[in-house]
Amino acid sequence: LTTQVAIIGGGPSGLLLSQLLNSAGVETVILERSTREHVLSRIRAGILEWGTVELLREAGVGARMDGEGIPHDGCYMTDDELMVHIDFKELTGKRVMVYGQTEVTRDLYQAQDAAGTTVLHGVSDVEIHDLDQTKSYVEFTHEGARKRLECLYVAGCDGFHGVSRKTIPAEKRREFERVYPFGWLGILSETPPVNDELIYSNSRHGFALASMRNANLVRYYVQVPLSDTVEDWSDQRFWDAFSRRIPSEAAAHLVTGPSIEKSIAPLRSFVSEPLRWGNLFLVGDSAHIVPPTGAKGLNLAASDVYYLYSALIDAVKGAGTTGIDAYSTRALARIWKAMRFSWQMTTMMHRFDGEDAFAEQMRKATLAHLATSEAARRDLAENYIGLPF
Ligand code: FAD
Ligand code: DHB
């Protein structure tokens with residue numbers, strides 16, 4: 001097998017990069033470990049920054065998103081009964097889009113099928129070779145046979161647990177990490193949203209987030225100890241905790257029902273620098289993880305793709321390597337700002353086990369400041385809707 005850009009990982013990063021490269025006539029092959037059904041069953045992000053929306057349109061996958069996605073002009077940040085409205089539209093002139101990662105991924109798979117791109121599923125034991133040579137190659141096992149894919153460049157889009165980052169020698173990498181002492185338990189339920197905008201709730205009982213996918217499908221989360229498992233959380237226990245953690249004004253409108261999905265995600269901040277080693281470029285979760293509190297994970301993957309795709313087009317077509325040479329620096333500048341925002345949102349909205357009374361007052365004061373300062377709300381809104389690419 002031969003291609004121009006080998007893409008490891010068929011999640012949102014790999015698919016979007018491939019789609020944009022193919023649109024410009026650059027050939028790709030995607031190697032994905034799981035089945036397509038498995039990739040599409042993972043419930044993850046729900047909020048798209050407008051830059052992500054525009055990039056998906058540019059990639060030719062905007063039609064269903066524009067029809068079924070729900071633009072949101074604001075959200076609420078709360079402290080017990082205090083509800084602070086963040087009006088994105090008024091503060092920044094921009095909005096975000098409610099459209100799930102599963103839908104984005106489904107649209108991208110459909111577009112890649114239509115483009116005739118080779119997407120191999122069930123691929124294992126991926127090894128990336130000759131990254132310091134003019135041409136590189138990837139070896140992998142597929143349908144019981146060891147295969148070889150020759151390429152000019154490799155895009156490492158294989159998430160946090162993938163092989164791409166680990167292919168870079170440890171002494172060439174610098175890693176930064178913060179692990180938070182709690183996780184998020186998330187449920188999907190076919191019920192109407194408790195509020196027409198998202199509610200990020202800080203409460204004496206811990207954090208909760210009220211999000212949605214559509215008019216009859218909600219995605220709600222509660223902060224849980226890392227030692228908890230999904231089995232510890234019956235639907236009833238979830239609804240009791242969730243309704244206690246959102247302001248009573250909102251809880252009065254809560255409609256409960258059976259959960260159709262329930263999962264726990266740990267919270268972590270992580271960056272591996274640089275994003276390039278020879279012909280290998282790391283994109284999305286393979287290089288960085290944010291805690292979900294700022295809704296930045298998927299959006300950062302999209303901005304990495306934005307910086308990389310035109311650079312790779314130039315490099316493949318012989319129009320110079322300035323773009324790929326600058327990729328790591330350009331992408332990291334934006335990544336670190338999103339890291340800061342996600343860390344700050346996480347710190348502001350969660351109860352930390354064993355925290356002292358001072359820490360709690362700092363959280364309360366941050367929310368109180370947000371309630372009374374338009375400048376503070378604008379700063380939050382500017383980051384939430386997404387910093388410019
Ligand atoms: P991924 O989506 O991880 O895709 C990587 C792909 O590579 C996967 O399909 C994987 O199967 C494949 N792969 C892995 N290893 C290999 C290998 N060795 N060979 C071949 N293929 C391989 N973000 C938010 O904004 N909001 C959220 O609520 C939110 N919730 C999340 C919940 C969980 C449990 C997780 C893990 C992430 C969540 N995120 C959330 C983050 C967001 O989903 C990610 O930032 C986004 O999926 C990144 O896309 P990606 O394509 O870079 O990586
Ligand atoms: C969702 C997840 C987030 O982490 C977030 O900040 C907002 C929304 C969601 O799954 O809908």
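Into which domains is the chain divided? I started there: domain 1 covers 5–71 + 96–177 + 268–346, and domain 2 covers 181–266 + 351–384. The bounds come from an automatic or database domain assignment.

Housekeeping before going on. This is a predicted model, where local features need pLDDT of at least 70 and side-chain atom pairs count only at pLDDT 80 or more, while totals for chains, interfaces and linings use all residues. Residues are numbered from 1 along each chain as its sequence is written, and chains are lettered from A and ligands numbered from 1 in the order in which they are written.

**Domains.** I took the centres over C-alpha atoms and got 29 Å between domain 1 and domain 2. Eight residues of domain 1 and 13 residues of domain 2 make the contact (C-beta atoms, placed from the backbone, within 7 Å). On the domain 1 side I sorted the residues touching domain 2 into four nonpolar, three polar and one charged. For these classes, Ala, Val, Leu, Ile, Met, Phe, Trp, Tyr, Cys and Pro count as nonpolar, Asp, Glu, Lys and Arg as charged, and the others, Gly among them, as polar.

**Ligand 1.** I found 32 residues around ligand 1, and those that come nearest are Gly-9, Gly-11, Gly-159, Gly-284 and Gly-297 (near: C-beta atom, placed from the backbone, within 6 Å). Helix 1 (12–23) and helix 10 (297–316) are the elements giving two or more residues to this shell. Helices (H or I, at least four residues) and strands (E, at least two) are DSSP runs, numbered from the N terminus. The class count for the ligand 1 shell is 14 nonpolar, 12 polar and six charged.

**Ligand 2.** Around ligand 2 I listed Ala-45, Gly-46, Ile-47, Leu-198, Ser-211, Arg-219, Pro-292, Thr-293 and Ala-295. That makes five nonpolar, three polar and one charged. Domain 1 and domain 2 each supply at least three residues to this shell.

Next I looked at an open, antiparallel sheet of three strands, order 9-10-11 (strands pair if DSSP finds at least two bridges between them). Strand 9 (124–129) and strand 11 (145–151) are the edges; each has a single partner strand, so one side of each lacks a neighbour in the sheet. Strand 10 (residues 136–142) runs antiparallel to strand 11 over seven bridges, and Val-138 has Leu-149 of strand 11 as its bridge partner.

**Record check.** UniProt, in an unreviewed entry, lists residues 3–342 as "domain: FAD-binding"; such annotations may be inferred rather than shown by experiment. I get 33% helix and 33% strand for that span, with its end C-alpha atoms 37 Å apart.

Note on methods: Contact = placed C-beta atoms within 7 Å.
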